[in-house]
Amino acid sequence: MTMDAILQILQWAIPSGGIGAAIAWVANRKSNNARQAKEVHDTYKVMYEDISKLLVKTQTKYDESTKLTEKLMQENNLTRRALNRLSRAIEAIQLCPHAGSCPVSGELSLSEAVDGNKPGANKADRNKRGERQPVKARDKSVDA
């Protein structure tokens, strides 16, 4: 084969502008790859921003609930302390020398009478269980 034959085959195989088309195809391929990489990057960027916003929102809710929990725990502690003080005061009424004329003791007796409507809350049942009876005021005319 001679050089003329090779040139004829090349001219037949590669039409005019074929080299320019090949160069354009390579350049277009690189730009398409870059475009796809940018789209993937942008997609991940949007996903990360959305997740970041969600995490910030979740953290804010967590902080608010933590503050509310702490506030409720403080309130619960105050209520527990007040209830303990009240329980000690009620127990101290039984030892008080003025328990017979104490208006608080009378109020407690009234509240027990109201609670007497509940099943198992009458005085006979309390005596059987060994519970203490409220101290009643003594009648001074009987002692004289």
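Modeller: Let's start with a term: accessible areas come from the Shrake-Rupley method with a 1.4 Å probe, and for residues only the protein chains shown count as cover. In this chain the accessible surface comes to about 13,000 Å², and carbon and sulfur atoms hold 61% of that. This is a predicted model, where local features need pLDDT of at least 70 and side-chain atom pairs count only at pLDDT 80 or more, while totals for chains, interfaces and linings use all residues. Residues are numbered from 1 along each chain as its sequence is written, and side-chain values use heavy atoms, with hydrogens and water left out.

Biologist: What does the pLDDT average for the chain?

Modeller: pLDDT is the predictor's confidence in each residue, from 0 to 100. The chain averages 77, with 67% of the residues scoring at least 70. Over residues 120-131 the pLDDT is below 50, and this stretch has 11 contacts (heavy atoms within 4.5 Å) beyond near neighbours in sequence. Residues 135-144 also have pLDDT below 50, with eight such contacts in the model.

Biologist: How many helices and strands are there in the chain?

Modeller: Both are DSSP runs numbered from the N terminus: helices are H or I over at least four residues, strands are E over at least two. This chain has five helices and zero strands, giving the pattern α-α-α-α-α along the sequence.

Biologist: What percentage of the residues is buried?

Modeller: Buried means under 20% relative accessible area, exposed means over 50%, and partly exposed lies in between (1.4 Å probe, protein chains only). Buried residues make up 4% of the 144 residues here.

Biologist: Which residues form the salt bridge?

Modeller: Side chains of opposite charge can pair when their charged atoms come close. The test is a side-chain nitrogen of Lys or Arg within 4 Å of a carboxyl oxygen of Asp or Glu. The structure holds one salt bridge: K38 with D42, their closest N and O atoms being 2.9 Å apart. The two are four residues apart in helix α2, so about one helical turn separates them. D42 is partly exposed, at 32% relative accessibility.

Biologist: Which residues make the nonpolar surface patch?

Modeller: V40, Y44, M47 and Y48 make a patch of about 440 Å². Patch residues have over 30% relative accessible area and no salt bridge; nonpolar side chains (Val, Leu, Ile, Met, Phe, Trp, Tyr) are joined within 5 Å, like charges within 9 Å. V40 lies in helix α2 (residues 18-93) and is partly exposed at 44%.

Biologist: Which backbone oxygen does the side chain of T79 reach?

Modeller: That of E75, at 2.9 Å. T79 is also in helix α2, and its 49% relative accessibility counts as partly exposed.

How values were computed:
A polar contact is a pair of N or O atoms within 3.5 Å; within protein, one must be able to donate a hydrogen and the other to accept it, and residues adjacent in sequence count only if both atoms are side-chain atoms.
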